[in-house]
Structures are given as structure tokens and as C-alpha cells.
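My entries follow in the order in which I made them.

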Amino acid sequence: MLKKREYSVINYKNNHTIFKCPICNSNINIIGENIVCELNHTFNISKKGVAFLMKSFKYKEDKVYTKKLFENRKKFIEGHFYDEVHKIISEEIKKYNHNLMLDMGSGDGTHDFNIINMLNDDSFIIGVDLAKDGVDLSSEYFNCNFLSFISDLNYLPFKNNVFDLIINFLSPSNEEEIKRLLKTDGILIKVTPKKEYLKELRNLLNISEYENEKIIDENISKKYNIIKKVEYKNMFKLDELTSEYLFNMTPLTNNYNDDKLKCDLKYITIGLNIYILKVKNEKI
């Protein structure tokens, strides 16, 4: 069985033509266990198979999106709370060309892993996130059709118009980069929270609802043609373990350490809007 770095090297080699150097924008190649551009800017692929592809090599540790958060998020997702959402997304993806996909804000990669398994074809997802702890954790999926690395979502090291489809799952995104990276017939699948998303947890913490859905709709329709919108909502029962995973997987609870609150969380609502979008024909 190959090691993580060996899988990563193979995946970079197979996809190196879509990359550009984040420092000088020149072409890259894979030499040994390094990503090297035409001007010899060099980026190491770690033992976990992870690379920093950024203009600056200085990395500031994230105090919110920590290893603990991503480990708990992974375990919560593995508890099947998002299975129907993954199924909806995978069925929509199948309707479009999806040979090469990008997940902007891929985190621990568990959403992508489940979607890949449901697609069950030769398509490939590249995940990008700024949180090192999340990307490190996602490396356990490098033995399937998946690769992720650390980068700034505002300055991604890809050439123009290289992706068939982009996924943006409950994560901030740079609209200009989305327009730049999608092929002319490319599709964006954007997942946003409904006002009911995690409402039981929010009520417990006295945190206000998410942004008005109508406003989100209006903002999205200014930049994209909405091909389809799928609304998903379901309530799940929690046990002691899944309640703890949930409590520890979200920044909402960052300033709370009351174990009693975790015990009070008996149910959770997963409410999401899944948009199938196409970029409007406007110049960037």
C-alpha cells in the first residue's frame, strides 16, 4: 500500500498542468517530493502528503479552526447526519460534466470523500483550505480520487478556466476566483444554511439566526443564474457522543465550556439550501 505522500505525488503529477506557481504564476512540475516552478520556487510535499501553495510561507496558527474542531466535525459527518445532502449533491453533479472538481473550503475533506464514493466514477476532487489542521486530517482520503492542500482562497494557484465544477459547502468563497477558475460551461454547487440550521444549538447558546434566506437568494442571483435550488431540512436525535461531536465541531461554541449544555442538546436540525449555479456572462 502506498503512503500518503506517494499518493499525493501521483495526484499532483496527474494534474500538474492545471497548476501555476502561487508566487510567480509560472508552470509547475513535480520533482521528487517537491512541487517546483519554472523559476525554481519550491514547495515541499509533507509526509502526510500536504503542501503549502501560497505566496507567503508564513503560516499563522488558527485559534478557532483547530485540530479538535476538525476531528469532531469529521466524526459528526461520519454519523450520517449529512448523508441525504451528499446524495442530493452527487445526483446533481452527475447531470453535468464533472471530470475535475474543486472544493473551495474543503476542511477535513469528509464531505468530499462521501460525495466521491456516491459518484463512483473516475472524477477527481481537489480540495483547498487555509486551515492546516483540516487539510492534514483530509490526507487520509488521498488514496481515493481526492487531493487537498493549504492555500489562500483569494489567490488560488490554478490556471484560468480549468474546473468543470466547483463545490462551496458552508464556507466563505471568493466570487472572482470562482469565475476565473470555472470553464465557460462550468457549474457551481453552493450550499448555504437555512435559518433552521443547527437551531437547537443556537437556541441553547442564545445566538441569533443565520442571515435571511431571501437576502442570500438575492445576493446569489446578482452574480449567478440559478439553475436549481434544493431545500433540505431534517431533524435528528442525538446521543451523548454525537451531541459532544456537534458541540465541539462548530465555532459557535468556541467560548463555551459548560458540559451541562452538551447534555441538554437532544435533537439537531440540519437545514440547508443547495444551489446549482452558472456564472453570469459578465467580465471579471
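I looked up Asn-72 and placed it in helix α2; helices here are DSSP runs of H or I with at least four residues, strands are runs of E with at least two, and both are numbered from the N terminus. The model is predicted, so I note that local features need pLDDT of at least 70, side-chain atom pairs count only at pLDDT 80 or more, and totals for chains, interfaces and linings use all residues. Residues are numbered from 1 along each chain as its sequence is written, and side-chain values use heavy atoms, with hydrogens and water left out.

Entry: Asn-72. I recorded Asn-72 as buried because its relative accessibility is 10%; buried means under 20% relative accessible area, exposed over 50%, and partly exposed in between, with a 1.4 Å probe and protein chains only. I then listed its contacts (heavy atoms within 4.5 Å). With neighbours within four places in sequence left aside, Asn-72 touches Glu-244, Tyr-245, Asn-248 and Met-249.

Entry: helix α2. I read its range as residues 67-81, which makes 15 residues. From first C-alpha to last, α2 reaches 21 Å, close to the 21 Å expected at 1.5 Å a residue; the expected span is 1.5 Å times one less than the number of residues. Which residues of α2 are buried? I found Leu-69, Phe-70, Asn-72, Lys-74, Phe-76, Ile-77 and Phe-81. These buried residues pack against the helices α3 (83-93), α4 (110-119), α5 (132-138) and α9 (240-249), and against β9 (224-237) and β10 (267-279).

Entry: His-80. This residue is also found in helix α2. I recorded His-80 as exposed because its relative accessibility is 53%. Its phi is positive, about 75°, although His-80 is not a glycine.

Entry: Asn-120. I noted another positive phi here, near 50°, in a residue other than glycine. Asn-120 is in the loop between α4 and β5 (124-129), and at 68% relative accessibility it counts as exposed.

Entry: helix α9. Is α9 enclosed or open? I found 7 of its 10 residues buried, so α9 is largely enclosed by the rest of the structure. The buried ones are Thr-242, Ser-243, Tyr-245, Leu-246, Phe-247, Asn-248 and Met-249. Asp-239 caps the N-terminal end of α9, with a side-chain oxygen 3.1 Å from the backbone nitrogen of Leu-241. Glu-240 lies in α9 and counts as exposed at 67% relative accessibility. I also checked Glu-240 against Asp-264: the two are 24 residues apart along the chain, and their C-alpha atoms are separated by 9.5 Å.

Entry: Arg-180. I placed this residue in helix α6 (residues 175-181). Arg-180 counts as buried because its relative accessibility is 14%. What does its side chain reach? I found the backbone oxygen of Leu-156 at 3.1 Å. A polar contact of 2.7 Å also joins the side chains of Arg-180 and Glu-177; a polar contact is a pair of N or O atoms within 3.5 Å, where within protein one must be able to donate a hydrogen and the other to accept it, and residues adjacent in sequence count only if both atoms are side-chain atoms.

Entry: Gly-49. I found it in the loop between β3 (42-44) and α2. At 0% relative accessibility, Gly-49 counts as buried. Apart from neighbours within four places in sequence, Gly-49 is in contact with Lys-4, Arg-5, Ser-8 and Phe-142. Gly-49 and Leu-147 are 98 residues apart in sequence, and I read 8.7 Å between their C-alpha atoms.

Entry: Cys-24. This residue lies in the loop between α1 (4-15) and β1 (28-31) and is partly exposed, with a relative accessible area of 25%. Setting aside neighbours within four places in sequence, I listed Cys-37, Leu-39 and His-41 as its contacts.

Entry: the largest pocket. How many residues line the largest pocket? I counted 48, of which Tyr-65, Phe-169, Leu-170, Ser-171 and Pro-172 lie nearest its centre. Among the elements that each supply at least two lining residues are α2, α4 and α8 (213-223).

Terms used
On a 1 Å grid over the protein atoms alone, a cavity is a set of points where a 1.4 Å probe fits but cannot get out, and a pocket is an open set with protein on both sides within 12 Å along at least five of seven lines; lining residues have an atom within 4 Å of a point.
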